[in-house]
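Here's a quick briefing to read with the model open beside you. Have a look at the fold first, then go through the points below.

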Amino acid sequence: MDIKKKLEKFKYALRSHNMSEREKEAYIELETHLLQSETMPFKELLARAKKIKPLVRVDGDHNGVLGFRKKCHDFADSDTLCFCKPCDIRNRSYLYDFNASSVVMTKGKPFAVPKHQKVGEFTCYHDTGAFYGCLMPSVDEVLQQMPAEIDWHTVDAFELSFPSLNFCDVYDALLDRHMSTVILYRFDNGLPKRIKAQPIVYNGQRYF
């Protein structure tokens, strides 16, 4: 189904909801933006994926043992940011599938995330997949939805933050999407060589 048909279907669905015309227009504008973002040329998406990597936050040190419980809510100074091993940026949720084996390791410890600074943030909308009761954000959604005013060439990594882990709190039923805050980072000396050399996996194919 092309964008025009999807928008017409969306507008028709809005008719049954009690909201002002201004609110409907805002929803239509947002849905249009999201649908258009999904048409990003593969070449550009691949370039962004090579440049911008996902980070996942895990529990900090517990008596010398690093906790591997992923965190995307209630961040703490004791948390540890980790690089992820490559996974399909389109067909899999790097965060939903995240576990101890997902972390890039070196000498038995997570590969160190370099010194970094926050360079921006934005609200991202994530497909719910087969069931809206699971948070399943994918890398391509983040890369596609980055605001035009942010120069993605200056971004090295991102992290997702959900205001709540109760999916009902972050689910927009009209859009049928979950909402997160994407935090964008720049490393002082750019991506580490090891991370930069990671292949990009897209639809099961690996790109270097």
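Which residues of helix α3 (residues 42-51) are buried? They are Leu45, Leu46, Arg48 and Ala49. Keep in mind that this is a predicted model.

**Helix α3**
- What do they pack against? The buried residues of α3 pack against β1, α4 (139-145), β12 (200-202) and β13 (205-207).

**Strand β9**
- Strand β9 (residues 157-161) is mostly covered, with five of its five residues buried.
- Ala157, Glu159 and Ser161 point one way, while Phe158 and Leu160 point the other.
- In a regular strand, side chains alternate between the two faces of the sheet.
- β9 runs parallel to strand β1 (residues 53-58), joined by two bridges, and Lys53 has Ala157 as its bridge partner.
- With strand β11 (residues 177-187), β9 pairs in the antiparallel sense over five bridges; Leu160 is partnered there by Val182.

**Largest pocket**
- The largest pocket holds about 440 Å³ of space.
- Its lining has 19 residues, with Arg90, Asp127, Ser138, Asp140 and Glu141 nearest the centre.
- α3 and α4 each supply at least two lining residues, and α4 has the largest share, three residues.
- By class, this lining has eight charged, six polar and five nonpolar residues.

**Second largest pocket**
- This one has about 350 Å³ of space and is lined by 15 residues, including Lys6 and Glu31.
- α1 gives the most to this lining, with four residues.

How values were computed. Residues numbered from 1 in each chain as written. Predicted model: local features only at pLDDT ≥ 70, side-chain atom pairs only at ≥ 80, totals over all residues. Heavy atoms only, no water. Buried < 20%, exposed > 50% of the residue type's maximum accessible area, 1.4 Å probe, protein only. Pairing = 2+ DSSP bridges. Contact = heavy atoms within 4.5 Å. 1 Å grid on protein atoms, 1.4 Å probe; cavity = no way out; pocket = protein on both sides within 12 Å on 5 of 7 lines; lining within 4 Å. Points joined across faces, edges and corners; volume = space filled by probe spheres on them. Nonpolar A, V, L, I, M, F, W, Y, C, P; charged D, E, K, R; others polar.
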